[in-house]
Amino acid sequence: MVDLITQYQAISKEIKIEFDSILESGAFINGPAVSQFEQILSEYLEVKHVIGCANGTDALQIALMALNFDPGDEIITTNFTFAATVEVIYLLGLKPILVDIDPNTFNIDLTKIKEHLTDKTKAIMPVHLFGRVCQMDKITDLAKEHDLVIIEDNAQSIGARYNHPRLGQKAAGTLGEFGTTSFFPAKNLGAYGDGGALFTNDDSLARQARTIANHGMSRRYYHDYIGVNSRLDTFQAAVLKIKLNHLDTYIQKRRESAIEYGNLLNDIPEIILPNFPKQDEEHVWHQYTIRILNGKRDQLGQHLKLSGIPYGIYYPIPLHKQKAYMSEEFSDEQFPITNTFSKQVLSLPMHSELTNQQIKFITDSIREFFLRK
């Protein structure tokens, strides 16, 4: 699904220089590379504060902790996402309100957010899924109208931009009180291990988040808050510092690959291709996810496997059907789009090293499958 080895070969000299410097300095925890990366990412995103942490799940948890919600407060989010989005809500004694998705974008359905607002609603947690930014103009307006905060789960969409009618062009993850991201190796901006970060323009929230991430310490051995131990590793920060310089190039290559996939698959009636947004900047193509009709998704997957072609299914089981999150408050009738899509979605290889020759090999195999049926 990704080719991290070829990507590494292109930047290996830079990586080795950085790693040698860290090894010779012995600054393995909170070394200079961490603050340097936070600074250049802050400049790239045009956001005041970037706080590195151990992973994207921690980033979400720290954001929620910094916002000081009370037990039972409701957070509205999507049912079609990785479990980490709701995992942290449950861990903190908050209440996730899952809603269905927009069939055109895979992202949270704005009308469903409105339908689920109550006097206990305190926040909206939109997930910019597969690299596409949610309808943030409408979500920010709704949050302002109802005095809600926004925590953007930007784990899959770093580098995406959104043309907000009122705020101008903004980076995904910088339109709410907090944005969070993951630097898992397969991400568009991926480390060589785990890593994550929070973004905010609020000075007070930034101080609190940074303190919480460091055992609740504002200074050593003085604990102002109940915190966690969540640090961005120096080696990972060094990798990310280098790769951030290449991120726009990586994204452009992904966009070109998405166009090529579309050109080669757009005449197969049993495939629904992902929609392109009006503005290229609103999608960074972390995944290229197609929908397979007529119950043939799993058969196609087996065909691709036999051809030596990797694929992913994100996500095969909606959150409301997961054993850990089942509740009498959730029913299949609430999530018709999520239930349908979970049986149809299939993600094809998508990365910055993908060649047109590889895409043709993949799409030829897909065409072979449908032509023989």
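Before I start, one definition that we will need: two strands are said to pair if DSSP finds at least two bridges between them. Please also keep in mind that what you see above is a predicted model.

With that in hand, let us look at strand S4, residues 121-125, and strand S5, residues 149-153, which pair in the parallel sense over two bridges. Within this pair, Ile124 stands opposite Ile150 in S5.

Both strands belong to an open sheet of seven strands with mixed pairing, and if you walk across it the order is S1-S9-S8-S5-S4-S2-S3. At the edges you find strand S1 (49-53) and strand S3 (95-99), each of which pairs on one side only. From one strand to the next, the twist averages 25°.

Now to the helices. Helix H3, residues 56-66, lies across S1, S4, S5, strand S8 (178-182) and strand S9 (196-200), and it runs at about 160° to S8. Helix H4, residues 84-91, also packs on the sheet, where it touches strand S2 (74-78), S3, S4 and S5, and its direction makes about 150° with that of S3.

How do these two helices meet? In general, two packed helices are described by the angle between their axes and the distance between the axes. Here the axes of H3 and H4 come within 9 Å and cross at roughly 40°, which means that H3 is oblique to H4. The crossing of the two is right-handed. On the H3 side, Thr57, Leu60, Gln61 and Leu64 meet Ala84, Thr85, Glu87, Val88, Ile89 and Leu91 of H4. Sorted by class, this contact of H3 with H4 has six nonpolar, three polar and one charged residues.

Methods. Residues numbered from 1 in each chain as written. Predicted model: local features only at pLDDT ≥ 70, side-chain atom pairs only at ≥ 80, totals over all residues. Heavy atoms only, no water. Helix = DSSP H or I, 4+ residues; strand = E, 2+ residues; numbered from the N terminus. Axes fitted to C-alpha atoms, helices over the stretch in contact; angles between N-to-C directions. Contact = heavy atoms within 4.5 Å. Parallel < 35°, antiparallel > 145°, perpendicular 65-115°, else oblique. Left-handed = near helix turned anticlockwise from the far one by under 90°. Nonpolar A, V, L, I, M, F, W, Y, C, P; charged D, E, K, R; others polar.
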